[in-house]
Amino acid sequence: MLQKLLYLITFGITLLLYLFLNGNIQFTSDPIPPLGKFMSPFSGAWTSDTRSEHASFDLHINGLKDKVEIMYDEHHIPHIFAQNMEDALFAQGYTDAQNRLFQMEFLSKLAAGELSSFIGPKTLNLDRDRRRRGMKYAAENAVKGWENQPNYDRLLRYIDGINTYIKSLHPKDYPVEYKLFNIHPEEWTPLKTALIFKQMSLTLAGRNEDISSTNLVNILGKETFEFLYPIHQNIENAVIPTERPYQFDTLYGSFQDTSGFLDKPILKTYYEGRAKGVGSNSWGLSGSKTTTGKPIFCNDPHLSLTLPSIWIEAHLRTPEFNAYGVSFPGFPGIMIGFNEYIAWGETNVSQDVEDLFRIDWANKERTKYMLDGKEQDVTLRYEEIKIKGQKSLIDTIKYTYWGPIYHTSDDGSMDLAMRWICHDVPDTDEFNTFIDAMTCKNYDEYLASTARFISPAQNFGAASKDGDIGMRVNGRFPAKRNEDGRFVEEGNNSKNNWQDWIPRDQNPQIRNPERGFISSANQVSADKTYPYYYNGKFERYRNASINQKLSEISKASPEDMKKMQYNDVSLKAAQFVSMLKNTIQSDDIHVDLRDLYSKLTTWDFSYKADKVEPIILEKFVDTLHAITWDEINLLRKEMDVKYPDDWRLLELIENDPTNAFFDIKSTPKSENAQDIVLRAITYTLQDVANQISKSDKVTWGQYKPLNIFHVTRLPALSEMNIPADGCADAINATAIGFGPSWRMVISLEDKPKGMGVYPGGQSGNPASKYYKNMIADWLNGNYHSLNIDATATDLHKSAHSIIQLNPEK
């Protein structure tokens, strides 16, 4: 009897252990990986080695037209040699999946709002946000438009390449993250590619300031609001300088009826802010300003830095074209790169193409709403949110004439619908933009190729070895007038909607400007003479630094351009320190703090990782805003608001020092700008002095280190606490999790020469030496040659992996 009892106990413990190790039993609210499967010697993490990265083999592929060779060089960059475009795209899909499959899967599920299905309840709010924003709806509409366009088969061939790789995998071959989360690769579809595209659209064109602007204009009044938040900056270096007046035969759209603007604030609502540093730099020099007499083109997009990197590098070569550059894993073509004739790249336009409308409900159930005097039914979209370790949830999203209801209020009086351009069904083959770019032989062909692009709007810049340099604010824009889209609008009148589109030839653009260079750093698109209204979040300081340097250059080399991309001097810092020195005297500073004050006022404004001065400056500016705008701070308890821009605060201090906003309401004294500046700098210096007294070394690199997170944000797979030079306002625009995600310099000589680097590596396998091998080079200003001239014969001896794809007989 005792023996039988011991057997039952032992069996029970073994069963429980088996169930626990295989993920069937959870002891915490946060699901943990099934340790039995994860540690399995047959299919677990042990089998996720890197040997496949060095393997050479042949495959026979159904649908392939001709032989394709894929050769990996010393940086693990695939050089694809094909005989036609379709086979080249198939091979690009294959190599993207071979190196970045989990990243692609993760990004598509992030966009779709499906992370909780394998991560658990921690990502539930994020999933809900993506669904209420209509991300999957936007991707579905994209596919609807794409599949009716010419060359859709090109996209399908790229996707066939991805699926060919997926089908070749056995469980032991799955990337380690699949084993960690106990999931398996799913078939790739056009919808998944569209989801990745829409995720980037969200990053670049998925923000607005409608709510905060509406709140402020209703609380402060129109006059004060316009005084603190003017539409135009006092100094603007537009992306497209006006060398001749805008003279359009016809203007489109209609003037906005301002009575359609919401006339009350929106209390305690959800608001998304754009992180500083999300942007890009791009410039091109004409041959008259270079040592070679040929154009130089440079691009460094500033995006979220991740592991695996947001970009994947590739070289595609056929008898018809030879192109090299980077793209998003999961999307075909070369987004930023060059071929034997031109170089091209993009920066974010930053215009607002996302507007909010208050819904006028017609019934208490909120299933009917008023539009143009008639009741309209909402369209209900039921979405199941699967949650690992829990029961699924059904989220009901209401769609209106405007788009999805994105913000809801308790009583329905402030329910807001979103009108976002990225929800629209495209009427062009926009997916083909970066495929056709690879084949362009001059700037005219590039303009024609990129005219199909809709959103997210980008400043498309290019240079050719023929000598052309040019830039176009590219994408589809609503024809707005009279502050249309600046505030939340009433949703009961369709006339408040966008009435027309700006024709592509009326988008701001320039070719071979007299000044000898093109440039963009996310500043305003065009100057005040441009006849259409537009608003957005535009950069102030990087663009001025770039334009100043390019104006002064006479004979620049590619090496000069590399150094310029790493320039970490902040024009904003220079202006604030100048104001500080003009506003107070050093004798006003407490004697114990004068050494620190002297450091700040004699600083060269470079944001080096080993300096303390950047900490003082950033804390000073933050404190100055907080003290000056105490009235606005009080509003934050009830509603979403924003501070006026840095340049506006500087302008007030210098030109209007007795403005009422400098008076602190909580003190009996009537303060002026000098009082506020002295209080802010004293507080800041004392704060930094206290930090120094507690630590031997207080530096910018420690205060705001750079973190390059794994896409899942697992620390063990990330590169954390990197002391990096730069700041969001410098040309080298690094921030805590953002930075130049790809640096590229192309000299358009008779045989174009390219250099590039990004903070990561080609492989998505954390165990691979190619996972993050380029981070050190990226930090230290080292580039590698972009070997566009490589041939199959050249690489046969040096390639560490050669894959030959053959047509199925």
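Leu380, Tyr382 and Ile394 make a nonpolar surface patch of about 340 Å². The model is predicted.

**Surface patch**
- One of the patch residues, Tyr382, lies in strand E14, which spans residues 379-385.
- Tyr382 has a relative accessible area of 57% and is therefore exposed, since exposed means over 50%.

**Helix H10**
- Helix H10 covers residues 210-220, and eight of its eleven residues are buried, so the rest of the structure largely encloses this helix.
- The buried residues of H10 are Asp210, Ile211, Ser212, Ser213, Thr214, Asn215, Leu216 and Val217.
- Gly221 follows H10 and has a positive phi, near 95°.

**Helices H16 and H17**
- Helix H16 spans residues 571-583 and helix H17 spans residues 594-601; their axes come within 10 Å and cross at roughly 130°.
- H16 is therefore oblique to H17.
- On the H16 side, the contact is made by Val577, Leu580 and Lys581.
- On the H17 side, Tyr597, Leu600 and Thr601 make the contact.

How values were computed:
Residues numbered from 1 in each chain as written. Predicted model: local features only at pLDDT ≥ 70, side-chain atom pairs only at ≥ 80, totals over all residues. Heavy atoms only, no water. Patch = residues over 30% accessible without salt bridge, like charges linked within 9 Å, V, L, I, M, F, W, Y side chains within 5 Å. Areas by Shrake-Rupley, 256 points an atom, 1.4 Å probe, with all protein chains shown as cover. Salt bridge = Lys/Arg side-chain N within 4 Å of Asp/Glu carboxyl O. Helix = DSSP H or I, 4+ residues; strand = E, 2+ residues; numbered from the N terminus. Buried < 20%, exposed > 50% of the residue type's maximum accessible area, 1.4 Å probe, protein only. Axes fitted to C-alpha atoms, helices over the stretch in contact; angles between N-to-C directions. Parallel < 35°, antiparallel > 145°, perpendicular 65-115°, else oblique. Contact = heavy atoms within 4.5 Å.
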